[in-house]
Amino acid sequence: MSLWKYFIKIFKISMLTFGGGYTIVPLIREEFVRRESLLSDDEMLSLIALSQTVPGPIAVSTALLTGYRLKGRPGAVVGVAAAALPPLITISVLYTFYAWFAENFWVRAALRGMGGAVSAVMLIAVYDLAKASLKKHRIFSAVLMVSAFLTSLLASVNTGLIVLILGLLGIIAFKFVPEDRMP
Amino acid sequence: MIFLRLFIAFLEVGAFAFGGGYAALPLIERVIVDRYGWLTLKEMTDVVSISQITPGPIALNAATFVGTRMAGIPGAVVASAATVLPQTVLLLILGYFFFRGKRSSVIERACGSLRPGVTGLIGAAAISIFFSSVFVSTAPIALDPVALAAFAVIFLLRLKRINIISLVMLGAGVGLLGGLAEQLAGL
């Protein structure tokens, strides 16, 4: 994949990630894991985990790391630019009539539909990712997955802190129980 | 000099906004509304609602909005660049260690638990998005019929592995049709 093609793909993906956060995950997975087979699910989850260890928008970090993985440092920089340009362009164009835009009935209606669509796409992606991440160490992985899910959903704990704890747990657990004997 | 002040303000937003999504909101508010007074609280609320209907993370939307207001398009570019600068520098450094040929065993072990854990986090985000878009309120339970219809249609089509970008567009179409139906029914 050329740098230019990577730029275009991320630009398109960023144009469609409404609300930010993890909504970029299913799109990255579709383009780079499923269609192009340039990444595995495991690799993609590692990149997302790494992107959680730094501040700043997740979508930008994920685009940076995917670019780094595929095209080295130039890919990383191209990823940041391609992820940051769509919001920059859209908001500066809408700036003058944002109040009208934000309250327009038809814009709202389209958005309600898109909200439903994004939820469906996200839930299916999570199901696929859960299957992929339960392939190894089924019990250990399931416990971590459910704990992270519940903590994030029910307690107001910062995601960065959850990721830090998860990482430390892995470093300690795999130190004492070898990789091939972890349940 | 306004460009320098924009740069410093959004550098702080970029450097301390951990957790993504709306987790960054209190920080943006503190810097932009309380400290610099570049937006009123009402305008900040407008930025949040416009953020929900435009692509991209809230921090970048706020950076562009405030930048445009204070110094036009160049201001927007400066504020956006400042927002993404901290993570870019940090990840270029981390990435160097992460992607070089031989992976250290510490990183391998951390990834072993981070992969399922991050799946759980994405799952929590998916559930929150589902509830905030399909439910108008949870007590008493009230559903948004338009969002629910789009959810059902897109869910079935996605099981057939239809391309996500087309499906999000189709979701917008279902929303417009639902809006039309509501207008015709006089709701």
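This is a predicted model: local features need pLDDT of at least 70, side-chain atom pairs count only at pLDDT 80 or more; totals for chains, interfaces and linings use all residues.
Residues are numbered from 1 along each chain as its sequence is written, and chains are lettered from A in the order in which they are written. Local features need pLDDT of at least 70 and side-chain atom pairs count only at pLDDT 80 or more, while totals for chains, interfaces and linings use all residues, and side-chain values use heavy atoms, with hydrogens and water left out.

**Exercise 1. Find how many helices and strands chain B has, and in what order its elements run.**

Step 1. Helices (H or I, at least four residues) and strands (E, at least two) are taken as DSSP runs and numbered from the N terminus. By this rule chain B has seven helices and two strands.

Step 2. Read from the N terminus on, the order in chain B is α-α-α-α-α-β-β-α-α. The radius of gyration of chain B, at 21 Å, is well over the 16 Å that the globule rule gives for 187 residues, so chain B is more spread out than a compact globule. Here the radius is taken over C-alpha atoms, and the globule rule is 2.2 Å times the number of residues to the power 0.38.

Step 3. The C-alpha trace of chain B spans about 55 × 50 × 30 Å along its principal axes.

**Exercise 2. Describe chain A by its elements, its span and its buried share.**

Step 1. Chain A has eight helices and zero strands, and its C-alpha trace spans about 60 × 40 × 30 Å along the principal axes.

Step 2. A residue is called buried at under 20% relative accessible area, exposed at over 50%, and partly exposed in between (1.4 Å probe, protein chains only). In chain A 59% of the 183 residues count as buried, and in chain B buried residues make up 51% of the 187 residues.

Step 3. For the charges, Lys and Arg count as positive and Asp and Glu as negative, while His and the chain ends are not counted; the place of a charge is NZ of Lys, CZ of Arg, CG of Asp or CD of Glu. Chain A has 17 positive and 10 negative side chains, with the centres of the two sets 1 Å apart, whereas chain B has 13 positive and 8 negative side chains, with centres 17 Å apart.

**Exercise 3. Work out which residues of helix α2 in chain B are buried, and what they pack against.**

Step 1. Helix α2 of chain B covers residues 25-35, and its buried residues are B:Leu25, B:Leu27, B:Ile28, B:Val31, B:Ile32 and B:Val33.

Step 2. An α-helix has 3.6 residues a turn, so residues three or four places apart point the same way.

Step 3. The buried residues of this helix pack against α1 (2-16), α3 (41-52) and α4 (58-99) of chain B. Just after the helix, B:Gly37 takes a positive phi of about 65 degrees.

**Exercise 4. Locate A:Ser37 and B:Arg161, and state the phi of each.**

Step 1. Most residues other than glycine have a negative phi.

Step 2. A:Ser37 lies in the loop between α2 (24-35) and α3 (41-51) of chain A, and its phi is positive, near 50 degrees. With 55% relative accessibility, A:Ser37 counts as exposed.

Step 3. B:Arg161 lies in the loop between α6 (145-159) and α7 (164-184) of chain B, and although B:Arg161 is not a glycine, its phi is positive at about 65 degrees. With 33% relative accessibility, B:Arg161 counts as partly exposed.

How values were computed
Contact means heavy atoms within 4.5 Å.
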